[in-house]
Amino acid sequence: MVLIFSDDLSKPQILHAEDDFLIMWKPAGLPSAPLEDDSDSSESALGFAAKLFPEAGLVAGKKSCEGGLVHRIDTATAGILLIARTQSFFDHIQTEQKADRFEKEYAALCTVSPEKRIPGAPKVLLDSPTGNSFEIRSLFRSFGKGGAMVRPVFEQCSAADRKKAGTVEYCTSVRLSDTGKKGFVQADCSITRGFRHQVRAHLSSCGFPVYGDLLYGAENPAADSESAIKENMAFYAVAFSFFSPEGTKKHYSVEKSFLNSAIR
């Protein structure tokens, strides 16, 4: 199902509602969940949904502040979220996630920046007929001030990186396509098991940083304020799929035409 949303991507919107769940658009800059356990302490996607559908906030989620949120997306990322309205649906989807049967899809505009590739990351030749689709598999470690960033860790990385990495391997499937703009490619990515900032960090590790991503990306000439950073990162959660409790495959997506105007 292709979901329809208004042209104003800066505002949260409920895109679809069924008895068991909601799908909403979360704009960049809005947290997926409250930043504290008190659900009224800050604005969030869950808070917006719970005002319209109070039962979504009563589901016992992964944390007390997350309610029926099935998954999160980064505050700086815009895109769609799945929110459970019933405990039975939430519990079912958690089982699906643990079995890697909940697939999430992202779309990004990336700069071609081979100098950002790190040791061990896939080498992608854009002029190769087989080079446009590939997988990135790695462990991850936190780094930077206060652990605000993450770093993919491959076998060829330093011993220090490998020592600090976790033990779970994460995979991002990537398909690159031409944007018609020199120096840029579109990356359509999918994951089933996710780590914080996984897709953004994986793309950058291969030399394709997301345009406007000031943590892992290339320079964004418009990013001179907090709001500009949030508005100009060309990275979006655009689709997900899962099996319903009845065993039916469900797929929901949004039209990606807004990507065409992301580069300014």
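Before the first selection, a cavity needs its rule: on a 1 Å grid over the protein atoms alone, a cavity is a set of points where a 1.4 Å probe fits but cannot get out, and lining residues have an atom within 4 Å of a point. The model is predicted, with local features needing pLDDT of at least 70 and side-chain atom pairs counting only at pLDDT 80 or more, while totals for chains, interfaces and linings use all residues. Residues are numbered from 1 along each chain as its sequence is written, and side-chain values use heavy atoms, with hydrogens and water left out.

**The cavity**

Select His71, Ile73, Ile80, Lys104, Tyr106, Ala237, Ala239 and Phe240, which line the largest cavity. This cavity holds about 30 Å³ of space, where a volume is the space filled by probe spheres set on the points, and grid points are joined across faces, edges and corners. Strands (DSSP runs of E, at least two residues) and helices (runs of H or I, at least four) are numbered from the N terminus; β5 and β10 each supply at least two residues of this lining, and β10 gives the most, with three residues.

**The pocket**

Next, select Arg72, Ile73, Asp74, Arg196 and His197, which lie nearest the centre of the largest pocket among its 39 lining residues. A pocket is an open set of points with protein on both sides within 12 Å along at least five of seven lines, and the largest one has a volume of about 950 Å³. Colour β5 (103-111), α5 (198-205) and α6 (226-232), the elements that give two or more residues to the lining of this pocket.

**Helix α5**

Stay with α5: is it enclosed or open? Eight of its eight residues are buried, so α5 is largely enclosed by the rest of the structure; buried means under 20% relative accessible area, exposed over 50%, and partly exposed in between, with a 1.4 Å probe and protein chains only. The cover over these buried residues includes β5, β6 (133-143), β7 (149-153), β8 (170-178), β9 and β10 (235-243). Just after α5, select Gly207, which takes a positive phi of about 95°.

**The nonpolar cores**

A nonpolar core is a set of buried Ala, Val, Leu, Ile, Met, Phe, Trp, Tyr and Cys residues joined through side-chain atoms within 4.5 Å. In the largest core, of 39 residues, select Ile83, Cys110, Val174, Leu176 and Leu203, which touch the most other members. Strand β9 (residues 184-191) gives the most to this core, with four residues. A second, separate core of 30 residues includes Trp25, Leu82, Tyr236 and Phe240.

**His16**

Finally, centre on His16 in strand β2 (residues 13-17), which counts as buried because its relative accessibility is 16%. Its side chain makes a polar contact with the side chain of Glu18 at 2.9 Å, a polar contact being a pair of N or O atoms within 3.5 Å in which, within protein, one must be able to donate a hydrogen and the other to accept it, and residues adjacent in sequence count only if both atoms are side-chain atoms. Leaving out residues up to four places away in sequence, His16 touches Met1, Leu3, Phe21, Leu22, Ile23 and Tyr252, where contact means heavy atoms within 4.5 Å.
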